[in-house]
Amino acid sequence: MIPSPAHSVIESGSLTLGPRSRIVAATPALGPLAKVLAKEIVQLTGLQLAPAQGAPREGDIAVALDAAMAAEAYELTVGATAAVCGGSYAAVAMGTATLLQALRGRSLPHMQVQDRPVASYRGLLIDTARRWHTLDTLKKLVVLCRLYKINHMQLHLTDDQSFTFPSRAYPALATPDRHYTLDQIAELESFARERGVAILPELEMPGHAAAAVGGLPSRVACEPSTGNVLCPSHEQTYETMDTLIGEMCQAFPASPYFHIGADEVNKKPWESCTRCKAFMAQHGIENTEELYRHFIVRMNEIVKRHGRKMIVWEGFAKTGKIAIPTDITVMIFESYYNLPPDVLAGGYPVINASWQPLYVVNDRNWTPEHIYGWNMYRWEHWFNISPAFENPIQVPPTNQIIGAQMCAWEQPDELELPSLRHRVPAMAERLWNPQAGRTFADFESRLKDADAKLDKLLA
């Protein structure tokens, strides 16, 4: 099983599923999961199990919620029945993923599993703005996430190249032939939510925003309009982002987070922007770095009004006169703009998105074995501008680091799944139960079976 459970005991005997076996949901809330599991068992075994409600009987699979359990904790017990109980819908979904991996033909070994992850955030980013991805590919990536208990799939929906989100309020933003429809988004969101995977939207700002600036120059561009940055001194910029964030939160309701990007911002256009110069003089903002910090503070207020926790890429400096609130979660990828020990000392929740080995960027990527030798308290980099180059930054284990994310950037649709299917499970195992003490050779042997099941689930 991948990731290796926290506690598991395999016992003698087995439960063989048969034509009278059912998938019994203890509550209607688990009905969608029962239907998903029934389809998956058909794909793996050819056996059609009827979803049902009520009390399980011998030979059934039973799924239930237990409010007394932690939100991501689940238990799987296989005897006369196979019973999965969890503290939330997502936890029960993860328990059924373990059940799928444990299947041998139509049989399940008698077993007891008590399991929960060390890392609460386990993510995969897909770049839909630079490289178009079909709905079918995105669904397959959700299946990959489900099987290996990745609970967030971040969609990089906007960048310089395209704006892929279909705003009702600002339809001119959508890039022709490079955007999704609201129906497609609703279909993907439902597909992911039924499988316990939360879609995390990213609306990139204030940089990487050429598509937004080109689509709504009168509302968000600097004056004069230059570069690929939003104007942080124009009130209509904030009004527009507020509206877009509201639309995206409505379209993707499952994740408690919202990502605003905020990385690699070219601040030069702000130096010549008439609005920015007047705004900085009026409010005593000394330079564009402080103006950038002002923008992040304003956006955090907006995101929180929509009931989400804001995530930013590492990008703001360690020190500044305008304080960055510590309820913002920071994804550290470069270990360049702000080093991990300094971000942690500042009191921020952190998600490890270390360029090496968690980035998959076409030909620049790292092997599953390298990923398996990494841990979520470690940052590496291949580029000599980063302090993590040749001298990885390792910090002591801390609850401030809530997890990690693999980031697939600029990849063609047809290469996405092949490049991720072995790397994602390697990361998942290092996040779920890092103290399991397993070897990479052991992982590889387990991956062969899990990967064969993935093929069937994707068919």
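Predicted model: local features only at pLDDT ≥ 70, side-chain atom pairs only at ≥ 80, totals over all residues.

User: How many aromatic pairs does a search of the whole structure find?

Analyst: Rings of Phe, Tyr and Trp (its six-membered ring) pair if their centres lie within 6.5 Å; planes under 30 degrees apart are stacked, over 60 edge-to-face, and the rest tilted. Here the search finds 17 pairs. One of them, Trp313 with Trp409, is tilted, at 5.8 Å centre to centre and 50 degrees between the planes. Trp313 belongs to strand β12 and Trp409 to the loop between β18 and α14, so the pair ties together parts 96 residues apart in sequence. Helices (H or I, at least four residues) and strands (E, at least two) are DSSP runs, numbered from the N terminus.

User: Which geometry does the pair of Trp355 and Trp382 have?

Analyst: That pair is edge-to-face, with 5.4 Å between centres and 70 degrees between planes. Buried means under 20% relative accessible area, exposed over 50%, and partly exposed in between (1.4 Å probe, protein chains only). Trp355 is buried at 13%, whereas Trp382 is partly exposed at 28%. Both residues belong to one aromatic cluster, which also includes Trp313 and Trp409.

User: What sits over the ring of Trp382?

Analyst: A charge sits over a ring if NZ of Lys or CZ of Arg is within 6 Å of the ring centre and within 35 degrees of the ring normal. For Trp382, the charged end of Arg364 does so, 3.5 Å from the ring centre. Arg430 likewise lies over the face of Tyr372, at 5.8 Å.

User: Is Leu138 buried or exposed?

Analyst: Leu138 counts as buried because its relative accessibility is 1%. Contact means heavy atoms within 4.5 Å. Setting aside residues up to four places away in sequence, Leu138, in helix α3, touches Ile126, Thr128, His133, Met153, Leu155, Tyr180 and Leu188.

User: At what angle do helices α7 and α10 pack?

Analyst: Axes are lines fitted to C-alpha atoms, for helices over the stretch in contact, and angles run from 0 to 180 degrees between N-to-C directions. Helices α7 and α10 pack at about 35 degrees, with their axes 10 Å apart.

How values were computed. Residues numbered from 1 in each chain as written. Heavy atoms only, no water.
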